[in-house]
Amino acid sequence: MARKKTETAAEAENATAEETTPKKRGRTKVKEAEEETATTENSEEEVEAESAQEGMNIQKKTNGEINIIGEVAESEPKEESETEPGADAGTDEESEAEPSEGEEQPADNGDENETAVAESSEDTPVTEPKKRGRKKKTSSNILTELGSNEDKIFDKRRVHMATKEERQQIYDEEEVFADFGSVAETEKTKRREEYNMFRDAARSVPKTILKGVIGSVTELDGGTLVAYIDQIRRLGRNEEGNTAEGYFQTIIPVSQMIAYDPKQYAGEEGKNELRKKLQRRIGTEIHLCIYDVREKEGIAIGSRLTAEALRVNKWYIKKDEKDGMPKLIEGMLAEATVIEVHNSYLNIEVAGAEGTIQHTELSYNHLSTLYDEYRVGDKINVKIKKITFFDYESDNQKYRLARVETSAKEAQASPADKFFHQFHVGDVCAGVIKSEASETGVFVNLRGKMDCLCPIPASKRATVNSPCGVRITKMDDEQKRIFGEIISI
């Protein structure tokens, strides 16, 4: 009797445990199906074996019913990420993820021994699991955004990668074999390499500075002035084999190209002046940082101001560990690049800081028109006389920039000190007329060394930049000046 009581208590305890066991949850719930009352223990084992093969769990109840619950499915396979490996932290990547699709529900086939029909959604609504990954975004027209949405373009850097299908269209092609089994470089492999350069530049921390040349200036449909940059390359790299060939259009809007006062260039007339200012810079080598890359469209958006702010910090602000001084300070000599040529002055750039050199500070010798003497992109040595820092804001970005006051004349020795002793009275020298005729005469540069003041010739045909012959008539030893007369033109 004690043994029977113990068995009865154990059975009751097992039954209670089975009833209180929580049901597993899954994506699919099916109705309870009635088993024939005459189902034997052997038939239940067969059903359990079949269900196990289908990946189902069976829970037995004391009333003879069974509940078939879909086993919790394994995690959905992730959509293949468009993010390239090695992306730096902080880079916003536009990943491509397809929308989730609902799980197909099992259908009712009317057979009691088969899987039962799914529960009605009226009883318990089924929540579909969300797939991982970001929602797919529609690629917008970047050229339109430049006119109306520049603040969002430059708030952080982005890489918009093409989908698998788009990449197949862009890059897939037959391999071209060269000697010894190597593969020759094709147009599409060059495009991929160019994309990789822009992608890496947009992801790098700290920001990568690239170099390029202003190729053209245009106005987009929305009215935004932009500059197209050619010959993009990395700093410190040999140009041969490392210069972009133009598979990607590199664009910089005027708001990220130069620091200017919007009030000074307001209205249509102001925009025309701003356009002329940019056009004068065509052919200038500049530095830039990449903010937005569109692989499918072949477009990269950059900022010159970001690169200039980084260079100003490096050369003018950041102090050297050894002497506690910036690398460039007032009184030092530096190489400048001519970025604009005007009638009476040059605009130059020195290590990220822009400046102006007046006509009188360019040379000891007399110069003809500056358009004849200088070209955009020319390199000249200057002395830094004054550095002025200022804060500039554009597209919700703040930049610490600098302007420099310089002199090319003070960066070179006086020609009189170098060459005066090489000339003598009576010498006949080859020269070039460097000024228009005036009351004092005309200035002629002798042998490319120093100037000589000559009276207006009798023929009065003193044309600037015309070659001529000069006889030296007087030498002023105290002032180190030379006087002569034009004997042939």
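**Entry 1: Y345.** I looked up the partners of Y345 and, leaving aside its neighbours within four places in sequence, found contacts (heavy atoms within 4.5 Å) with T356, I357, Q358, H359 and L370. This is a predicted model, so I note the limits: local features need pLDDT of at least 70, side-chain atom pairs count only at pLDDT 80 or more, and totals for chains, interfaces and linings use all residues. Residues are numbered from 1 along each chain as its sequence is written, and side-chain values use heavy atoms, with hydrogens and water left out.

Y345 lies in strand β11, residues 345-350. Strands (E, at least two residues) and helices (H or I, at least four) are DSSP runs, numbered from the N terminus. The C-alpha atoms of Y345 and T356 are 6.8 Å apart, at eleven residues along the chain. I find Y345 partly exposed, at 26% relative accessible area. On this scale buried is under 20%, exposed is over 50%, and partly exposed is in between (1.4 Å probe, protein chains only).

**Entry 2: helix α5.** Which residues of α5 are buried? In this helix, residues 164-171, they are R167, I170 and Y171. They cover an arc of only 75 degrees around the axis, which puts them on the same side of α5. The arc is taken from the directions from the helix axis to the C-beta atoms. E165 and Q169 are exposed on the other side of α5. I checked the cover too: for the buried residues of α5 it includes α6 (187-203).

**Entry 3: aromatic pairs.** I count four aromatic pairs in the structure. Rings of Phe, Tyr and Trp (its six-membered ring) pair if their centres lie within 6.5 Å; planes under 30 degrees apart are stacked, over 60 edge-to-face, the rest tilted.

F154 and Y291 are edge-to-face, because their ring centres are 5.2 Å apart and their planes stand at 65 degrees. F154 is in the loop between α4 (150-153) and β4 (158-160), while Y291 is in strand β8 (residues 285-294), 137 residues apart. F154 is buried at 0% relative accessibility. Y291 is buried at 5%.

Y195 and F248 are stacked, because their centres are 6.1 Å apart and their planes at 25 degrees. Y195 lies in α6 and F248 in the loop between β6 (225-234) and β7 (249-253), so the pair ties together parts 53 residues apart in sequence. Y195, F198 and F248 form one aromatic cluster.

**Entry 4: whole chain.** I noted ten helices and 19 strands. Buried residues make up 37% of the 489 in the chain.
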